[in-house]
Amino acid sequence: MENIKSYVQQHKDRFINELIELLKIPSVSADTAYSQDVIDTAEAVKESLSKAGCDLVEICDTPGYPIIYGEKIIDPNLPTVLVYGHYDVQPPDPIELWTSPPFEPVIKKTEIHPEGAIFARGACDDKGQMYMHVKALEYMVQTNNLPCNVKFMIEGEEEVGSASLAWFVERNQEKLKNDVILISDTGMISNQQPSITTGLRGLSYVEVEVTGPNRDLHSGLYGGAVANPINVLAKMIASMHDEDNHITIPGFYDKVQELSAEERAEMAKAPFSLEKYKKALDLNDVYGEKGYVTNERNSIRPTLDVNGIWGGYQGEGAKTVIASKAFAKISMRLVPNQDWHEITELFTKHFLSIAPAGVTVKVTPHHGGQGYVTPIDSIGYQAANKAYTETFGVPAIPVRSGGSIPIVALFEKELKSKTILMGFGLDSDAIHSPNEHFGIFNYLKGIETIPLFYKYFVELSK
């Protein structure tokens, strides 16, 4: 694969322009107003896989948004790599905080990305990273460098829980049969130091509702005499962490696996500057569970965070009202061994138990998933490490991510395959936030590195 660098350089403008066209389609799966855009994106992904060299590409109907399946089978006796990605994106809100429209991609130079970065919703999560694999396939097919079979499974509901993906996987195990699963939906330490994500946190996502009086009340006539649902909700949420920022739900930590001092020491080898971290976020200090450093708090420890809270009057000016209802959306990131169904039940039981008289409480579970850890002695991990080492000049560092990709545990359960997480994004790429972006360097470096994974995976599998 000596000519891969020259191939990428020769076609880089086209690679960039193709991604920009894909990013223009607002495939927001959480909002039904964008339903046709999500469908249009599925069609675009299907077309790109066909042009890249797949012999079979189909749009597979599901109870929700379709899944694009593609394959290039060169020899059934050779290993098969299954590539997973998603074509849906997060809502762009708040729109006013974007420096350019979220679905009008532009390339801007930044301090971290002097070569430029594409600013658009979905640039890094996950259209840009998914599309690296499409272009990597194109290179391998066009230059006769594809060393094994490859299958693609690209879904449109990752940002809303992947319910249809589980349905699809359970019904298509033979179609999806593989030797390793390859995903680029994570990040790396820096453009100088690659890393491979070896652990993911699980997720439990719930919505809570606190109801007081049967209607909104005048805060002068009724204030102090009836429970205010917003005040009550705020107190209930505040009570879920103690003074050491330890989550107070009974049984929450029962199955949390404590890492050994040796494992924590290995994690600490990853380069990290607390001062740069605070500066990047404009913070005067960090905050979290006592007894753990920042890189442990956001990876190997479980969390509970309020993702949204509302109730009462929110318009311009003043309205003296006690709201009838208050709401919050809460996510809990979980570590391996914590079962998300069990955690959801523990949360629900506890939240109902701490509700004071004068209000009623409802908990609505949304979605969730299990955590995941992949061994670093596997052939897949070793192949990825060799690929990164060749393109970056230094070995990758194994890291555990604070994020969740619930379907990874599903894949292992249903397809009996290990997943390798080859991410090329950076923490600063603002995924899920205004001004999301993906570096041109990262995008092209991914296209350059992925074919080497195939090469080394086949070599190590012999």
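Leaving aside neighbours within four places in sequence, with which residues is Tyr-454 in contact? The residues are Val-81, Val-83, Met-140, Leu-146, Pro-147, Cys-148, Val-150 and Leu-182, where contact means heavy atoms within 4.5 Å.

The structure is a predicted model, in which local features need pLDDT of at least 70, side-chain atom pairs count only at pLDDT 80 or more, and totals for chains, interfaces and linings use all residues. Residues are numbered from 1 along each chain as its sequence is written, and side-chain values use heavy atoms, with hydrogens and water left out.

**Nonpolar cores**

Tyr-454 is among the residues with the most contacts inside the largest nonpolar core, which has 66 residues; the others named are Val-81, Tyr-87, Phe-424, Tyr-443 and Phe-453. A nonpolar core is a set of buried Ala, Val, Leu, Ile, Met, Phe, Trp, Tyr and Cys residues joined through side-chain atoms within 4.5 Å. Buried means under 20% relative accessible area, exposed over 50%, and partly exposed in between, with a 1.4 Å probe and protein chains only. Elements that give two or more residues to this core include helix H1 (4-23), strand E3 (80-86), strand E6 (149-155), strand E7 (180-183) and helix H13 (440-461). Helices (H or I, at least four residues) and strands (E, at least two) are DSSP runs, numbered from the N terminus. H13 gives the most to this core, with 11 residues. Another core, of 27 residues, lies apart from it and has Met-236, Ile-249, Phe-252 and Ala-328 among its members.

**Strand pairing**

Two strands pair if DSSP finds at least two bridges between them.

| Strands | Sense | Bridges | Residues opposite each other |
|---|---|---|---|
| E3 and E7 | parallel | four | Tyr-84 and Ile-183 |
| E7 and E17 (residues 419-421) | parallel | three | Ile-183 and Leu-421 |
| E9 and E14 (residues 360-369) | antiparallel | nine | Thr-211 and Thr-360 |

In a regular strand the side chains alternate between the two faces of the sheet. E7 is covered on both faces, with Val-180 and Leu-182 buried on one side and Ile-181 and Ile-183 buried on the other. In strand E9 (residues 202-211), 10 of 10 residues are buried. Gly-202, Ser-204, Val-206, Val-208 and Val-210 point one way from E9, whereas Leu-203, Tyr-205, Glu-207, Glu-209 and Thr-211 point the other way.

Glu-155 belongs to strand E6. This residue is buried but has no salt bridge, and Arg-333, the nearest side chain of opposite charge, is 13 Å away. A salt bridge is a side-chain nitrogen of Lys or Arg within 4 Å of a carboxyl oxygen of Asp or Glu; for charge, Lys and Arg count as positive and Asp and Glu as negative, while His and the chain ends are not counted. The side chain of Glu-155 does make a polar contact of 2.5 Å with that of Tyr-84. A polar contact is a pair of N or O atoms within 3.5 Å; within protein, one must be able to donate a hydrogen and the other to accept it, and residues adjacent in sequence count only if both atoms are side-chain atoms.

Glu-289 is found in the loop between helix H8 (274-281) and helix H9 (294-297). With a relative accessible area of 9%, Glu-289 is buried. The side chains of Glu-289 and Arg-301 are joined by a polar contact of 2.8 Å. Beyond four places in sequence, Glu-289 is also in contact with residues including Asp-244, His-246 and Tyr-253.
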